[in-house]
Amino acid sequence: MGRRVLFRRWRQSLQFRAIAVALTLTSVAFLATGSFLSHQIANRLFTDRLDQVLEEARTDISTAQASFDASDASDRTEVQALINSTLGSLSQDTSSTDHRWILIPLDQGGGQSFVGVQSESSWMTSATVPRQLQQRVANGDGTYWQPASARMAENAPEHPVIVIGDVVQLNQNSRYGLFFVYDFSDPQATLDSIHAVLLLSMVALLLLVGTIVWYVTREVVRPVSNTARVSQRLSEGDLDVRMEVHGTNEVARLSRSFNRMADSIQTQITQLEQLSSMQQTFVSDVSHELRTPLTTVKMAAEVLFNAREDFDPVNRRSAELLHNQVDRFDSMLSDLLEISRFDAGAARLDMASTDIFSVIYDVVEAAAPLVVKSGSELTVRSTLTRCVVQMDQRRIDRILRNLVTNALEHGESRPVDIYVAANENCVAVAVRDHGIGMTEEQAGKVFNRFWRGDPARARTVGGTGLGLAIATEDTRLHGGLLEVWAEPDNGACFRLTLPLLRSQPLDPELPNPLPLPPAEQTAESTARVTDTGSLQLTAPAVRPAVEPRTGQLLLVFPGPGDDAGGTGSAERPGGAGGAGADGPGTGGQGAAHDVVGEPGGAPERHHTGSSAAAPEDGTEKP
């Protein structure tokens, strides 16, 4: 947890990074310098002290050897007295050096003059002298020394010492090792004090460096932080925010430059907003002002169009052209008004939970005349029969009408399919045609305003070039996606994806329920437009063994063995069914009714016999 916090601070704070780097480099530099100084001081302290004790030890050993040579002691008592008097006088020397002596026999001999290990202090034994030093003294010729640790007082803790030894001879050439133990606790204490001072100096230096770097970086980073904060507020739309200017240094010049930039941006944005507002107002006012004369012209065009049979051929054609162009002009005004609402941010959604299939069937039924005229086959394909979506029904209806109309117009009399699929997050509706298609460059511009793939191409339906632009804005208001796929001479496919719930946006982790383009003939048709331009429901189903209890749409068709053999009519979601068993004219016609029960159930269409469903207006199909 702590490492994550430090890593986040390292990435987000320039000041923290500068302080951390400064303290790290200062610590490394101070450790290197302190190590060098400590080494030099320790060498100087121990070298001087070692030279002093070595000189003193050599003097004492020479004095002791001279005393032993001048003595004629022959038995153990005399030798013991000689050792005590000679080495005792060395301990009483006026030298300030604190030391102890130990005499260790090197030859394990015998005789009446042999004495064992002798020591100035009873707590010091031969074990006090390192075994390696004893061997060097016994085998060598000279004075040797070695660092060790020993107690200089009986109940005192061990201290660092230097043990110095050499060979001395008593009577009858008996060899003994004379060792002096010198206390080195004072130089060690001095060195420890120096280390403590260096450590405290390092801590103080780090605090001082950290404070200096913090202050310096604060003076440098604070204007940058203020600039970042002001920039963020400026990007969020607060155009009046400015930086404070103090002094004439670089930061002050930066603040003045930033404020001038903000003033320039504010001026330009204000001008653009005013221009946009004027443009929107102009478009809106012109559109509204044109409504009144357009209504009059439209009424006159209607009169002329209805009376065209009484005109000569030239005037008849003129009346037809006038009627068509007035309708197109009216559609263009409506589109311009809608675009102006989007530009002004005044477009609002009228949300309601609606079955997407009811909207699709309305669109398909409205497009039936164009289907007959174009010679295409329009089919709705899905594995679903019901899918409730929170949406603005008017806007989604407009999107789908535009997509279906475009597909029929550019479909080159080839089949047009509408695919519907859903998952737990969204519903997708794809409109696929097999007409002239588009290039990749054209597909990238297809949602632009007033853009047309081929302006010279004859159009069967009047248009303004704003339909897909309005569809894109309607989709954006719903939080959905409108995508296109196209290939030249292979048709195009537009896919509309909407979230099922307004409160749950599209999940990018979930795959789209429909590929782009959908695989052809992967789902059975649920509805189609017949040759006569009527809507026919074709979803196959089986009559349930038990009457459904879940708010489902039940389509019932009489079979050969039912009453009077007329062909039944089907009531689709949101539509008005034909006369059935529950309505007037019950003479053998099938019944279509809603079964009220638990909400949220998927509707099932149950068929008996082989008759097809009839359109909403009750037209019977053979």
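Author: Let's start with a cut-off: a residue is buried under 20% relative accessible area, exposed over 50%, and partly exposed in between. Keep in mind that this is a predicted model.

Reader: OK, so why does Glu320 count as partly exposed?

Author: Glu320 has 22% relative accessibility, so it counts as partly exposed. Buried would need a value under 20%.

Reader: What makes Glu320 and Arg317 a salt bridge?

Author: Their side chains meet at 3.4 Å, N to O, and the cut-off is a side-chain nitrogen within 4 Å of a carboxyl oxygen. The two sit three residues apart in helix α7, so about one helical turn separates them. Arg317, at 45% relative accessibility, is partly exposed too.

Reader: Why can side chains like these pair?

Author: Because side chains of opposite charge can pair when their charged atoms come close.

Reader: What does the salt bridge between Arg242 and Asp263 tie together?

Author: Here the N to O distance is 2.5 Å. Arg242 lies in the loop between α5 and α6, and Asp263 in helix α6, so the pair ties together parts 21 residues apart in sequence.

Key. Residues are numbered from 1 along each chain as its sequence is written. This is a predicted model: local features need pLDDT of at least 70, side-chain atom pairs count only at pLDDT 80 or more; totals for chains, interfaces and linings use all residues. Side-chain values use heavy atoms; hydrogens and water are left out. Helices (H or I, at least four residues) and strands (E, at least two) are DSSP runs, numbered from the N terminus. Buried means under 20% relative accessible area, exposed over 50%, partly exposed in between (1.4 Å probe, protein chains only).
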